[in-house]
Amino acid sequence: MIQRKTQSSAYWADYAINSEDLQYLSTLLVEDELPRSTEELSEAMVLHQARQEEALIERALSEGTPYRPKRSYEVGERVVFPVLDYRAGEVLEIRPGHNPEYDSFKVIKVAFDEGEEREFAAEFENGHPLNEERAVVTSGEELSSPEELASRFGPQLKERLEARLESEPDFIRLADKWFRKDLLVEVHEGHLNLAEAVLDVAGGGPMPTEALLGDVELPEEISPQLRVFSLNYALQQDERFDEVGPAGEVLWYLRRLEPEAIQSTPIYLQYQPLPYEPPLLTSEMRALERGLDDEWSDLELPERVSEPVEMVLIYPHWRSGSLPLSNRLSRIFPSARTERIRFTFVDGDTGEEMPGWVVQEGRYVYGLEAWYRENGIPVGAYLEISRGEEPEKIVVRPRNRRSRREWVRVASVRNSKLAFEMHKEDIACDYDELMVVATDSLGELERLWKRTRQEDRSLDEVVGDVFPELVKLSPQGNVHAATLYSAVNVVMRTPPGPMLEVLVTSDKYAPVGDNYWVLHAGAGGA
């Protein structure tokens with residue numbers, strides 16, 4: 001059976017997007033004045049090719065006899081060759097064919113419309129695949145329709161088309177929709193000033209583009225979709241505006257009214273990657289690293305997570321009013337191609353709503369500073385994070401909100417170094433006993449943090465200062481790696497991996513099992 005090329009999965013598997021495809025997509029966008037997604041464009045491209053092929057075949061078959069080797073032909077007869085992409089030609093002459101292996105047959109010379117001349121067998125009864133009745137398909141009975149082909153093969157071309165369109169300066173993409181740059185509606189400075197004023201009155205935003213169009217008057221004869229797309233492009237090019245919507249939604253905010261903590265990464269969350277060798281870590285250590293789920297740990301991204309996701313709050317995020325955009329939590333919070341994403345936090349116990357921001361490059365989520373303070377959330381608290389009933393809402397709650405006084409580690413600064421003591425403190429929720437830290441010396445700790453950065457102290461040095469302080473608090477004289485991780489992060493931002501490598505490679509520390517460590521005899525500081 002000779003199959004149309006557009007019916008073949010192999011054809012589309014190797015298909016390369018060409019200039020003719022781009023020209024057709026350009027024409028489609030111009031005619032509709034409707035921005036389209038990559039998936040819509042890829043399906044439209046397959047549909048167009050399938051219909052073109054159908055039209056070509058119908059036109060070619062109407063011009064002559066479909067070629068089969070067993071048929072006889074006459075000089076001057078028009079013949080169509082399906083195996084040659086339905087090229088057509090005229091029989092110029094007929095002569096006897098000679099081959100001792102076959103019965104007698106004839107040879108026809110055909111002049112194709114493009115000028116080429118070729119010879120083909122005729123009256124050939126010796127068996128040939130093109131002689132079978134199913135060799136030439138002339139009805140759609142056994143074929144997929146162009147619409148079915150578009151649905152089946154269009155998604156396969158999505159990534160290739162997206163890459164090609166991104167390399168074409170004439171095409172632009174906004175909110176997963178494409179259009180031609182030269183066909184956008186003109187948006188001038190006056191329009192943008194009006195948009196700024198509307199957002200200013202709204203407290204900075206966020207606002208969808210459609211809400212801005214009522215004040216930013218663009219020509220009514222232009223389709224609403226194209227007006228929205230054109231305004232989106234103009235706003236994106238202007239540094240006053242920030243697109244902060246989750247995937248599939250465009251929301252605008254005034255940059256000058258955004259929180260400072262999302263414009264630049266808070267000092268406590270700034271991490272300069274520290275090289276380390278993961279193979280040096282034992283399976284026990286790697287399991288701890290996965291459990292701590294630090295946003296800067298190089299961990300395999302889970303396909304899905306069960307909700308709520310439970311996490312333990314560490315000092316840098318407690319101090320910054322943030323949460324980590326870690327492997328597990330990244331599955332909960334909204335995502336987008338934009339740098340910052342605006343959403344709403346909801347207190348799972350009280351229903352209070354708070355503005356939240358995902359900062360993707362910094363790998364953190366901001367918006368809980370006041371909530372931590374007002375609810376007495378400590379470093380080491382267990383927090384539960386889940387998606388709300390509405391897509392733009394994220395529910396956060398402490399585990400078992402109940403106030404009591406407990407003996408906990410308290411961080412302070414002594415002799416320009418981090419020190420720890422055990423005090424009784426009011427604790428408002430459940431906490432991880434290994435990682436809890438209280439403090440009433442925020443100013444001193446901030447100065448120590450900055451001094452540690454200014455002096456460019458190494459992680460090895462910081463661990464050397466902190467480990468003996470923690471040993472003093474343990475009757476057994478040992479320190480859990482999770483406790484050390486939480487304590488070191490009071491003065492220096494680090495994920496657990498590099499810190500665990502310090503423990504493994506230094507001769508100051510010795511493992512005693514279950515991720516507990518002790519000072520080697522003579523290491524000092526105990």
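A salt bridge is a side-chain nitrogen of Lys or Arg within 4 Å of a carboxyl oxygen of Asp or Glu. The views below come from a predicted model, in which local features need pLDDT of at least 70 and side-chain atom pairs count only at pLDDT 80 or more, while totals for chains, interfaces and linings use all residues. Residues are numbered from 1 along each chain as its sequence is written, and side-chain values use heavy atoms, with hydrogens and water left out.

**View 1. A network of salt bridges links Glu189, Glu196, Asp200, Asp238, Arg240 and Arg256.** Side chains of opposite charge can pair when their charged atoms come close. The structure as a whole holds 42 salt bridges.

**View 2. Arginine 78 pairs with aspartate 113 in a salt bridge.** Look for the closest N and O atoms, which lie 2.8 Å apart. This pair links distant parts of the chain, 35 residues apart: arginine 78 sits in strand 2 (residues 78-81), and aspartate 113 in the loop between strand 4 (105-112) and strand 5 (117-122). Helices (H or I, at least four residues) and strands (E, at least two) are DSSP runs, numbered from the N terminus. Arginine 78 is partly exposed, with a relative accessible area of 27%, and aspartate 113 is partly exposed too, at 49%. Here buried means under 20% relative accessible area, exposed means over 50%, and partly exposed is in between (1.4 Å probe, protein chains only).

**View 3. Arginine 180 meets aspartate 170 in a salt bridge.** The N to O distance is 3.6 Å. Arginine 180 belongs to strand 7 (residues 177-180), while aspartate 170, 10 residues apart from it, lies in the loop between helix 5 (158-166) and strand 6 (171-174). Arginine 180 is buried at 15% relative accessibility, whereas aspartate 170 is partly exposed at 37%.

**View 4. Glutamate 258 and arginine 340 form a salt bridge.** Their side chains meet at 3.8 Å, N to O. The partners are 82 residues apart: glutamate 258 is in the loop between strand 10 (251-254) and helix 9 (260-263), and arginine 340 is in strand 13 (residues 340-347). Glutamate 258 is buried, with 6% relative accessibility, and arginine 340 is buried as well, with 10%.

**View 5. Arginine 36 lies in the loop between helix 2 (19-32) and helix 3 (38-61).** At 17% relative accessibility, arginine 36 counts as buried. Leaving aside residues up to four places away in sequence, arginine 36 touches Leu28, Leu29, Leu41, Asp176, Lys177 and Trp178. Contact means heavy atoms within 4.5 Å.
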